[in-house]
Amino acid sequence: MKLCIHRGTHQIGGIAAEISTATTRILIDMGDELSLDPNFVSAPLNIPGVTDTDGCCDAVLFTHYHGDHTGQTLRIRPEISLYAGALAKEIMLISARHGGPKNDALCQRMEGIQTFSPGKPLLIGDIQITPFCIDHSAADSYLFLIEADGKRVLYTGDFRLHGVRGGTMDKILDRRIDKVDVVITEGTTVSRPNGDVVTEWDLQKRVKAYLKQYKYVFVLCATTNLDRIFALARAVPYGKCSLCDEYQYSLVNTVSEHWSSISTFYEMPKLNYFKQAPSKTFERLGGLMFVRANRQFEAMIRQFDPAQSIILYSMWDGYRTKPGSTIPDFLALTGTWEPLHTSGHASPEDLRHVIEKADPEIVIPMHTDAPQKMQALCPNRKVVLLKDGEELSL
């Protein structure tokens with residue numbers, strides 16, 4: 001078995017990794033690079049046999065639907081099979097359709113995605129992949145147990161332990177995955193200062209307090225951060241409204257349809273939607289509204305008394321502080337705003353916990369801008385630092 005990380009060994013996002021044997025070749029993710037520069041355009045991934053006919057590729061599997069993992073889907077040759085979780089596929093399709101006619105080609109490609117099931121092995125050539133659903137800021141995110149040529153590789157994808165479903169990781173490692181030879185892990189947070197890890201439940205408690213203090217609470221968060229939406233919508237007490245637009249509602253409803261039988265947390269919360277403007281009921285009773293930083297929502301927020309309003313900023317702070325960001329002006333609409341966010345990625349301590357539990361001989365970091373810090377995190381492990389495009393025999 002061989003590994004080649006085409007992009008992501010020394011950066012966060014823009015991911016593409018390859019696993020191959022003598023007869024089979026698969027790719028995991030095909031993403032756009034991330035940047036705070038508003039004029040930035042991600043460099044196209046050029047992978048022989050994937051983006052051209054100079055070779056073959058048996059399949060591309062997506063860990064989740066974030067753009068830094070799926071953004072270059074249309075560069076994949078149309079005859080190559082794509083795989084994703086069933087809910088992730090639905091979310092990708094709803095989001096692509098929301099983008100209008102310009103996304104018609106993307107919608108057509110996504111409609112052909114084949115779906116895998118959590119815990120059910122998938123055999124592609126002589127490579128067996130077992131996907132396991134884990135917690136991340138994208139619903140229906142997966143890690144992969146990859147087995148071939150007598151080797152067992154754990155590919156974590158993006159994950160965290162402090163989310164609503166954070167406890168699933170230990171259960172998977174304890175009950176479903178024995179000792180592995182290699183862990184290929186994300187390391188998003190290893191370059192960030194250590195601090196207290198805030199859970200989604202902590203955010204939910206804080207929203208309850210804000211709803212007592214303010215009549216109108218507006219939450220600015222990513223539309224597809226759906227665990228956040230569910231948690232905060234459930235914080236709205238009887239006698240107050242919980243509101244979003246039709247697009248947001250369709251995503252929440254889709255998650256509920258897929259997962260309400262798995263957990264009561266995903267039963268449809270008290271959440272109403274509007275097409276053009278908030279209802280008179282919201283104006284009268286107050287409550288919580290999920291918003292996005294655009295002119296439509298700006299006009300809506302201006303309708304309400306700023307002295308009775310607050311905006312909660314529930315996104316990564318880099319979006320707010322980047323040069324040319326319009327978010328500061330949006331947050332100023334109510335005169336009062338507060339941060340209300342936690343990372344979608346595992347803390348350094350949780351990264352160490354997962355690696356020690358998996359007990360690999362080799363650790364390979366990716367999805368990080370500081371891979372060299374992984375050795376200090378795991379001093380008793382062999383940490384292999386790769387370069388983009390470098391092939392490693394496992």
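Modeller: The lining of the second largest pocket draws at least two residues from each of H2, strand E8 (127–134), helix H4 (168–175) and helix H7 (246–259), where helices (H or I, at least four residues) and strands (E, at least two) are DSSP runs numbered from the N terminus. The model is a predicted one, in which local features need pLDDT of at least 70 and side-chain atom pairs count only at pLDDT 80 or more, while totals for chains, interfaces and linings use all residues. Residues are numbered from 1 along each chain as its sequence is written, and side-chain values use heavy atoms, with hydrogens and water left out.

The second largest pocket has a volume of about 370 Å³, and of its 18 lining residues, Pro118, Cys133, Thr168, Trp259 and Ile262 are the closest to its centre. A pocket is an open set of points on a 1 Å grid over the protein atoms alone, with protein on both sides within 12 Å along at least five of seven lines, whereas a cavity is a set where a 1.4 Å probe fits but cannot get out, and lining residues have an atom within 4 Å of a point. H4, with three residues, gives the most to the lining of this second largest pocket, and the lining as a whole divides into 10 nonpolar, four polar and four charged residues (Ala, Val, Leu, Ile, Met, Phe, Trp, Tyr, Cys and Pro count as nonpolar, Asp, Glu, Lys and Arg as charged, and the others, Gly among them, as polar).

H2, which is one contributor to that lining, packs with H7 at an angle of about 165°, their axes being 10 Å apart. H2 is therefore roughly antiparallel to H7, a term for angles over 145 degrees. H2 passes H7 in a right-handed crossing, and in their contact (heavy atoms within 4.5 Å) Ala86, Leu87, Glu90, Ile91, Ile94, Ser95 and His98 of H2 meet Tyr247, Ser250, Leu251, Thr254, Val255, His258 and Trp259 of H7. By class, this contact of H2 with H7 has eight nonpolar, five polar and one charged residues.

The passage of H2 over H3 is a left-handed crossing, with Lys89, Met92, Leu93, Ala96 and Arg97 on the side of H2 and Leu106, Cys107, Met110 and Glu111 on the side of H3. The contact of H2 with H3 contains six nonpolar, no polar and three charged residues.

For a further packing, helix H5 (residues 200–213) and helix H6 (residues 226–233) lie at an angle of about 40°, with axes 9 Å apart, and H5 is therefore oblique to H6. Their crossing is right-handed, and the contact is made by Glu200, Leu203, Gln204 and Val207 of H5 together with Arg228, Ala231 and Leu232 of H6.

The largest cavity has a volume of about 50 Å³, and its lining includes Ile15, Asp29, His69, Tyr155 and Met366. Strand E11 (residues 182–186) gives the most to the lining of the largest cavity, with three residues, and by class that lining has four nonpolar, five polar and three charged residues. The second largest cavity holds about 40 Å³ and is lined by Cys221, Thr223, Asp245, Gln248, Phe290, Val291 and Arg292, which divide into three nonpolar, two polar and two charged residues.

Terms used
A crossing is left-handed if the near helix is turned anticlockwise from the far one by less than a right angle, and right-handed if clockwise. Grid points are joined across faces, edges and corners, and a volume is the space filled by probe spheres set on the points. Axes are lines fitted to C-alpha atoms, for helices over the stretch in contact, and angles run from 0 to 180 degrees between N-to-C directions. Angles under 35 degrees count as roughly parallel, over 145 as roughly antiparallel, 65 to 115 as roughly perpendicular and the rest as oblique.
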